[in-house]
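Visitor: I have a protein chain open here and would like to talk through its fold. Could you take me through it?

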Amino acid sequence: MDDPVRDDRISQPGGQSDIPVGGTFGMPTAHGAPSCEVCGRRDESLRAIVIPYVFSFVVMTMHRAWSGVYCWRHRFQRLLAAGFITSLFGWWGLPWGLIHTPAALFKLVRGGVVPEDENVELLARVAIHKLNTGEPGKAIQVFQEALRIKEDERTRNSLLELQAKYPLSNELSDGKAPIWYIASWVSASLLGVGVGLLDYLVVLLLNWVLGAETYWIIAILSWAPLIAMLYLGALILSELLRWVFDRTGTDHLLLGMLFAGGAAGLIWYGIPQGQLIGDYLSALFGGLAFESIGDLIMTSGAVITQGGLWFVLDAFESGLPSDWIYLVLWGFAGILYFWLANKTAQEAIHWRVRLELLQGDLRIEEPNSRLPAWSALGGFAFVLLIGFGVFAGRGRLMRGGPDLAANIERGDELYLAGDFEQAEAAYRQAISAAPNQPGPHESLAWVLYSMGDLEGASAEFTQAMELDADWADPHLGMGYIHLSMDNDLAAQESFQTALALAEDPQYAGQAYYGLGNLAHQVDDLDAAIAYYEQAIREDWQLTMAHMDMALAYYSMAKFSRAVEHANDLIGLLPDWGAPHALLAMSYYQLDQPEILMRELDWAADLNSTDLYSQLLLAEAYWGLEQYDAAKEVLESASVLTPENSQVALLLARLYALEGAFGEAQSLIDAQIDLNPDLVDAYIARAWVYIEVPDLGQAESALDQALKLSPEDWGAHNLRSFVYFHQGRIDEAYTEADTAIR
Ligand SMILES: [Zn+2]
C-alpha cells in the first residue's frame with residue numbers, strides 16, 4: 001500500500017548521485033547555459049536540487065519532490081513549502097508517514113538534496129556563460145561558489161587562471177563590520193520570537209476551532225504545527241548564518257562558531273519566549289490591568305527578557321502531556337540548531353579560508369582586526385545579561401505567566417475585601433493557567449474554608465500538599481479543617497506537621513496558634529495560653545494569638561493578665577474594637593468603672609464590624625445591664641452575619657429578658673433548623689423557658705442538650721439551677737458537682 005506515487009529519484013539507495021545531468025534539471029536552455037526554472041535568473045546562487053515532501057492520508061503516504069534548477073529565492077520558497085507540507089501533513093499515515101516524514105524533514109533541514117558533481121558542473125557552465133558575455137568578475141564569483149560545494153581540482157585551476165588573468169576582479173569582500181554581528185543576533189532573537197508567536201497563534205486557533213473540552217486532541221494536533229515552526233526556525237537560522245558569513249567574510253573559526261552558536265541559541269530561546277509573549281499579549285487584550293506605568297514597564301521588561309525561561313520552567317513543572325511533547329520537540333530542535341549552526345559556520349569559514357589561500361593570502365592582517373567583532377558579540381551578551389538582571393525580580397514574581405500572577409493578585413485583593421465568590425473565580429482561573437503550581441490551590445482552599453466549604457477546602461489543601469510536600473501552609477489549613485470538624489487528634493497531627501515543616505517564624509507562629517486553639521476548644525486553658533505565648537514569640541504580629549490569649553486569661557478570671565494582653569493587641573491594631581471591649585469587660589470585673597466606661601465608649605466609637613468586636617461589645621453592655629445597647633450591637637451583627645449561631649442565640653436570650661418570647665423562640669428554632677445538633681441552641685432555649693418561666697420545658701431542653709453533649713459544663717450548671725428552683729435540692733447538688741468536675 002505504501003507510496004503509490006513513489007518518486008524514484010530520491011527513493012533509490014544513493015539517490016544523490018543518480019540524478020542525470022541535463023535531464024530533469026532542464027539543462028541546457030535555449031541560451032546554452034542553465035538558469036532558474038521559474039524566473040530565468042542566471043547567477044552563482046543557482047543549484048540543481050531535489051526538495052522532497054511527504055503527505056499522508058490514513059494508510060496512504062505520498063512521497064514526492066520538486067526537482068530542478070532554482071535560484072536562491074525560488075529554492076527557499078520550495079524548501080519552505082515542502083517543510084510545511086511535510087511537517088503538517090506527512091505524519092497522518094500508518095506506518096509510512098511516521099517513517100518518511102522525519103527522513104524528509106532531515107533532508108529539508110540540510111537544505112534539500114544538492115548533488116555535488118552535478119552542481120559543480122552546472123556552475124562551471126554558468127561561469128563560462130559569464131565569461132562569454134564579458135563578465136569575468138561574475139565568472140570568478142560563480143567559480144568561488146562552486147568551491148563552496150566541493151573542493152574540486154578543475155574549479156581551482158579555472159579560478160587560478162581567471163584570477164591571474166583578471167587580477168582586479170577577484171576582490172574578496174572584507175568587511176568585518178561588527179554591526180552585522182549585532183544586527184544578525186537581534187534578528188535571530190526576533191525571528192525566534194516570531195516563530196514562537198506563530199506557533200502560539202496556531203494553537204490558539206486550534207483551541208478556538210475545537211473548543212477547550214477537546215484538550216487532548218489539541219495536545220496531539222499541536223505538535224505538527226510546532227514541528228513546522230521549529231523547521232521554519234532551522235531554515236531561517238541557516239540562511240541567516242550563510243548571509244552574515246558572506247557579509248562579514250570572517251575567516252576565524254572560533255569567532256565564527258561562537259557567533260553561529262549564539263545565533264542558534266537566540267532563535268532557539270526565542271521560540272518559548274514568543275509563546276509567553278503571546279500569552280502576555282492576549283492577557284493585555286483580555287484587560288490585564290496594571291497599577292502604574294512603572295508596573296507595566298517592569299512586567300513587559302520581564303516578559304521580554306526572560307519570558308522564555310518561565311515558559312520552559314512552567315512546562316517542566318506542569319506535567320501536562322502537551323507540555324512534555326513541547327519540551328521534547330523543543331529540546332530536539334535545540335540539538336538540531338546547534339548542530340546546524342556549527343556545520344554552517346565550519347563550511348562557510350573553510351570555504352573562505354580556501355578562497356584566501358587560493359589568492360595567496362596577500363592581504364596583510366591588521367593586528368586585532370577581529371577585536372570589533374569580539375567586542376560586538378560581548379557587548380550584546382552583556383546588554384542581554386543586564387536586561388535580565390534588571391527585570392529578574394519581577395520575573396520571579398511572575399512565574400507561571402503574567403495572567404497567572406494577575407489572577408492571584410486579584411484573588412488576594414478580593415479575599416481581603418471579603419468578596420469570596422469573586423476571589424474563588426480568580427483563583428480557579430489561576431489554577432487553570434498553571435494546574436501544577438501549589439500556590440493557587442492553597443489560596444483557593446482558604447477561600448473555600450472561609451465560605452464554609454470544608455470538603456472543597458480539604459481537597460485543595462491536599463492537592464497543594466501533593467504538589468509541594470515541604471510546604472507548611474496546607475498542613476495548617478488541614479489543621480483548621482479538622483478543628484472545625486472536632487477531629488482533635490487529626491488537627492493536632494496537622495499542626496505538629498506544619499510546625500516541623502515551618503521554615504519561617506510566621507508559619508511556626510500559626511502552627512502554635514492552631515495548637516493553642518485546639519487546647520482552648522477542649523478547655524485546657526493553661527496549655528492554650530502556653531501555645532499562644534509560643535506563637536507570639538515566633539511572630540509578634542500574630543494578632544489573633546494576642547486576642548485569644550487575652551480571652552483565655554479572661555475565662556480563667558485572671559483579669560489583669562487579660563488587660564495586659566489586650567493592651568499589647570491595641571499596640572498592634574489601634575483601630576480594632578475587640579480589645580477595647582475586652583478591656584471594658586475586664587475592668588468591670590476589676591471594679592474600675594471609670595476606665596471601664598472609657599474603653600466601652602472607645603470600642604463603640606471604633607465601630608468595628610467583625611464578629612469578635614461585636615460579640616465582645618455586646619457582652620460588655622450585657623454585663624453592665626445595658627440591654628438596649630447590647631441588643632443594638634447584636635442586631636447590627638445579625639444583619640451582617642444572619643446565620644451566625646452565637647449572635648442569634650445571644651439575641652434570643654436578650655429578647656427573652658424583654659419578654660419577647662415569640663421572637664426569641666423563632667430565632668432559636670431557626671438555628672436548630674440549620675443545625676439540629678447545636679448544643680448551645682438547646683441551652684439558649686432553656687434560658688428562654690427559665691425567663692417565661694416554664695421550668696419543665698427548660699428541663700427538657702437541657703435534657704436534649706445533654707443528650708448531644710453529655711459533658712457540657714454550662715448545661716449541667718443550668719440544670720442544677722432548674723432543679724434547685726423546682727425544689728429538687730439533692731439532684732441540684734449532684735448536677736452542680738458534675739458541672740464542677
Ligand atoms: Zn528564480
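Predicted model: local features only at pLDDT ≥ 70, side-chain atom pairs only at ≥ 80, totals over all residues.

Visitor: Of the contacts between residues at least 6 apart in sequence, what share join residues at least 24 apart?

Guide: In the protein chain, 65% of those contacts join residues at least 24 apart.

Visitor: What does the secondary structure come to?

Guide: The protein chain has 34 helices and two strands.

Visitor: And how much of the chain is buried?

Guide: Of the 741 residues in the protein chain, 48% are buried.

Visitor: Let us look at some helix pairs. At what angle do α2 and α3 pack?

Guide: Helix α2, residues 72–89, packs against helix α3, residues 96–109, at an angle of about 160°. Their axes are 10 Å apart. Because of that angle, α2 is roughly antiparallel to α3.

Visitor: Is that crossing left-handed or right-handed?

Guide: The crossing of α2 past α3 is left-handed.

Visitor: Which residues meet there?

Guide: From α2 come Leu-79, Ala-82, Gly-83, Thr-86 and Ser-87, and they meet Thr-101, Ala-104, Leu-105 and Leu-108 of α3. Sorted by class, the contact of α2 with α3 has five nonpolar residues, four polar ones and no charged ones.

Visitor: What about α31 and α32; how far apart are their axes?

Guide: The axes of α31 (residues 679–691) and α32 (residues 695–708) are 8 Å apart, and the two helices pack at an angle of about 170°. That angle makes α31 roughly antiparallel to α32. The crossing of α31 and α32 is left-handed.

Visitor: Which residues make that contact?

Guide: On α31, the contact is made by Val-679, Tyr-682, Ile-683, Arg-685, Ala-686, Tyr-689 and Ile-690. On α32, the residues are Leu-695, Gln-697, Ala-698, Ala-701, Leu-702, Gln-704, Ala-705 and Leu-708. The contact of α31 with α32 divides into twelve nonpolar residues, two polar and one charged.

Visitor: Changing topic, is α17 largely enclosed or open?

Guide: Helix α17 is largely enclosed by the rest of the structure, because ten of its 13 residues are buried. Those buried residues include Pro-438, Pro-440, His-441, Glu-442 and Trp-446.

Visitor: What span should α17 have, given its number of residues?

Guide: At 1.5 Å a residue, the 13 residues of α17 (residues 438–450) should span 18 Å. The end C-alpha atoms of α17 are 19 Å apart, which agrees.

Visitor: Which residue just after α17 takes a positive phi?

Guide: That residue is Gly-452, with a phi of about 85°.

Visitor: I also noticed Gly-274. Is it buried or exposed?

Guide: Gly-274 has a relative accessible area of 0%, so it is buried. Gly-274 is found in helix α10, residues 253–285.

Visitor: What is Gly-274 in contact with, leaving aside its neighbours within four places in sequence?

Guide: With those neighbours left aside, Gly-274 is in contact with Val-193, Gly-196 and Leu-197. Gly-274 and Leu-197 are 77 residues apart along the chain, and their C-alpha atoms are separated by 4.5 Å.

Visitor: And Ile-297: buried or exposed?

Guide: Ile-297 is exposed, because its relative accessible area is 51% and the cut-off for exposed is over 50%. Ile-297 is found in helix α11, residues 293–318. The C-alpha atoms of Ile-297 and Phe-391 are separated by 9.6 Å, and these residues are 94 residues apart along the chain.

Key
Residues numbered from 1 in each chain as written. Heavy atoms only, no water. Axes fitted to C-alpha atoms, helices over the stretch in contact; angles between N-to-C directions. Helix = DSSP H or I, 4+ residues; strand = E, 2+ residues; numbered from the N terminus. Parallel < 35°, antiparallel > 145°, perpendicular 65-115°, else oblique. Left-handed = near helix turned anticlockwise from the far one by under 90°. Contact = heavy atoms within 4.5 Å. Nonpolar A, V, L, I, M, F, W, Y, C, P; charged D, E, K, R; others polar. Expected span 1.5 Å × (residues − 1). Buried < 20%, exposed > 50% of the residue type's maximum accessible area, 1.4 Å probe, protein only.
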